[in-house]
Amino acid sequence: QEVYVLNGPNLNRLGRRQPEIYGHTTHADLAKLLTGWGKDYGLQVRFQQTNHEGQMIDWLNNAADWGWPVVLNAAAWTHYSYAIFDACAQLTAPLVEVHISAPSKRPEEFRHTSVVTPHAAKVIEGEGIDGYRQALEFIAAQ
Ligand code: DQA
């Protein structure tokens with residue numbers, strides 16, 4: 001079973017980006033962890049990150065066409081992108097929304113809305129990098 005793990009804007013800078021919020025694991029570390037967890041759960045993880053919204057839409061459209069489950073951390077797009085909302089609406093396999101921090105508990109009001117949640121089978125937030133593992137565990141159990 002192939003599964004997309006898709007990361008949105010600024011997550012390329014994981015480990016260097018506000019480590020007090022997002023931790024010290026780098027994006028390259030996360031790539032290795034995901035491969036290992038994929039093996040554990042019998043999933044072929046296709047891990048991608050982009051700072052460009054159109055690229056993210058293209059991957060979500062692929063997932064819709066191919067029937068792949070998606071683990072999505074849409075980062076800031078989560079909070080305002082109706083194009084991401086529309087792309088998520090087309091998915092047929094399970095979608096898991098992941099956030100490293102807990103946006104719903106952060107002080108900025110704009111983080112309290114998610115366009116992804118209405119389409120998500122599960123939302124995992126505030127679990128750090130382990131949230132991605134939990135998302136794969138959930139998908140493997142479907
Ligand atoms: C994030 C939370 C978002 O509010 C923020 O814009 C991000 C990362 C997270 O993983 O905690 O870029 O999705």
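Select helix α3 (residues 53-66) together with helix α4 (residues 82-89): the two pack at an angle of about 10°, with their axes 9 Å apart. Axes here are lines fitted to C-alpha atoms, for helices over the stretch in contact, and angles run from 0 to 180 degrees between N-to-C directions. That angle makes α3 roughly parallel to α4, a term for angles under 35 degrees, while over 145 counts as roughly antiparallel, 65 to 115 as roughly perpendicular and the rest as oblique. Helices (H or I, at least four residues) and strands (E, at least two) are DSSP runs, numbered from the N terminus.

This is a predicted model, in which local features need pLDDT of at least 70 and side-chain atom pairs count only at pLDDT 80 or more, whereas totals for chains, interfaces and linings use all residues. Residues are numbered from 1 along each chain as its sequence is written.

Next, display the side chains between these helices. E53, M56, I57, L60 and N61 of α3 meet A83, I84, A87 and C88 of α4; two residues are in contact if their C-beta atoms, placed from the backbone, lie within 7 Å. The residues of this contact divide into 7 nonpolar, 1 polar and 1 charged. In this scheme Ala, Val, Leu, Ile, Met, Phe, Trp, Tyr, Cys and Pro count as nonpolar, Asp, Glu, Lys and Arg as charged, and the others, Gly among them, as polar.

Now select Y22 and H99, which UniProt lists for "active site" in an unreviewed entry. They span 78 residues in sequence, yet no two of their C-alpha atoms are more than 9.4 Å apart, so they gather at one spot. UniProt positions are given in the numbering used here, feature names are shortened, and annotations may be inferred rather than shown by experiment.

Centre on Y22, in helix α1 (residues 19-22). Is Y22 buried, exposed or partly exposed? With 19 C-beta neighbours inside 10 Å, Y22 counts as partly exposed. A residue is buried if 20 or more other C-beta atoms lie within 10 Å of its own, exposed if 12 or fewer, and partly exposed in between, with C-beta atoms placed from the backbone. Not counting residues up to four places away in sequence, Y22 touches L14, R17, I100 and S101.

Move to H99, found in strand β4 (residues 95-99). H99 is buried, with 24 other C-beta atoms within 10 Å. Leaving aside its neighbours within four places in sequence, H99 is in contact with N73 and E125.

Then select the residues around the ligand: N10, N73, A75, A76, T78, H99, I100, S101, P103 and R111. A residue is near a molecule if its C-beta atom, placed from the backbone, lies within 6 Å of it. By class, this shell has 4 nonpolar, 5 polar and 1 charged residues.

From that shell, pick N10, in the loop between β1 (2-7) and α1. The phi of N10 is near 75°, a positive value in a residue other than glycine. N10 counts as partly exposed, with 14 C-beta neighbours inside 10 Å. Q18 is also placed in the loop between β1 and α1, and its phi is near 35°, again positive in a residue other than glycine. Q18 has 11 C-beta neighbours inside 10 Å and counts as exposed.

Finish at T26, in the loop between α1 and α2 (27-41). T26 and L11 are 15 residues apart in sequence and 9.0 Å apart in space, C-alpha to C-alpha. Beyond residues up to four places away in sequence, T26 touches L14 and G15.
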